[in-house]
Amino acid sequence: MDPTVAETVKESMWISTMNVSMLDQIAVGGATSLVNLFIHAILVGAIAATLRNLANTDASFPGFVQYMLVIVATGTLLVVGHFGECVIWAYTYKWVGAVPKDTDLIYFAFGNYTTLGYGDVVPVPQWHMLGPLTALNGVMLIGWSTALVYDLLHRSVQSPSKS
């Protein structure tokens, strides 16, 4: 590629990201991610503590029923937690004016958070990095939830004892 063309492309890419400084976008996205990380840590910690306490009590329910209730309760709490985290992103978008007027903010936040991204709503150019930052946060927290459920299932299944 011609060096002049390469310089022009590089310069136009840099300028297009600087409408609102890249640092501002990363600061807002990072702060929102940090808030969600704290929320998720509290939620996962509470679930883990409850499961530890449940394992140390004498169950009045049959094992299968107790197991089923734990899985359903854990899944429900995680879904509620993820919904709350998407609401935090929606408020962030509204606060900075990152999306066009009359945008369904929860829908847009969920699309980014889950990396679904239909593409029917896009952020305003000045805040285009918030979408990928939301997706990164969602992937991390959904992965953390998946690890919790895996660990729960793994610890619950008793391996046959060897004689």
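**View 1. Aromatic pairs in the predicted model.** The ring rule gives four aromatic pairs in total, where rings of Phe, Tyr and Trp (its six-membered ring) pair if their centres lie within 6.5 Å, and planes under 30 degrees apart count as stacked, over 60 as edge-to-face and the rest as tilted. One of these is the tilted pair of phenylalanine 83 and phenylalanine 110, with 5.7 Å centre to centre and 35° between the planes. Phenylalanine 83 lies in helix α3 and phenylalanine 110 in helix α4, so the pair ties together parts that are 27 residues apart in sequence; helices here are DSSP runs (H or I, at least four residues), as strands are (E, at least two), numbered from the N terminus. Phenylalanine 83 is partly exposed at 42% relative accessible area, and phenylalanine 110 is partly exposed at 28%. For these labels, buried means under 20% relative accessible area, exposed over 50%, and partly exposed in between (1.4 Å probe, protein chains only). Trp89, Tyr93 and Phe108 form one aromatic cluster.

A friendly note on conventions: this is a predicted model, so local features need pLDDT of at least 70 and side-chain atom pairs count only at pLDDT 80 or more, while totals for chains, interfaces and linings use all residues. Residues are numbered from 1 along each chain as its sequence is written, and side-chain values use heavy atoms, with hydrogens and water left out.

**View 2. The largest nonpolar core.** A nonpolar core is a set of buried Ala, Val, Leu, Ile, Met, Phe, Trp, Tyr and Cys residues joined through side-chain atoms within 4.5 Å. Of the 17 residues in the largest one, Trp89, Tyr93, Val96, Ala98, Ala109, Trp127 and Leu130 touch the most other members. Two or more residues each come from α3 (63-96), α4 and α5, and α3 gives the most, with five. A second, separate core has eight residues, including Leu43, Ile47, Val70 and Leu78.

View 3. Serine 33 sits in helix α2 (residues 22-55) and counts as buried at 16% relative accessibility. Not counting residues up to four places away in sequence, serine 33 touches Trp89, Leu133 and Asn137. Isoleucine 42 also has its place in helix α2, but is exposed, with a relative accessible area of 63%. From isoleucine 42 to glycine 81, the C-alpha to C-alpha distance is 9.9 Å, and the two are 39 residues apart in sequence.

**View 4. The second largest pocket.** This pocket has a volume of about 180 Å³. Among its 16 lining residues, Phe108, Asn112, Gly117, Tyr118 and Val121 are the closest to its centre. Both α4 (105-113) and α5 (130-156) give two or more residues to the lining, and the largest share, five residues, comes from α4. On a 1 Å grid over the protein atoms alone, a pocket is an open set of points where a 1.4 Å probe fits, with protein on both sides within 12 Å along at least five of seven lines; lining residues have an atom within 4 Å of a point. Grid points are joined across faces, edges and corners, and the volume is the space filled by probe spheres set on the points.

**View 5. Threonine 103 in its loop.** Threonine 103 is found between α3 and α4 and is buried at 16% relative accessible area. Leaving aside neighbours within four places in sequence, threonine 103 is in contact with Phe108 and Val121.

Technical notes:
Contact = heavy atoms within 4.5 Å.
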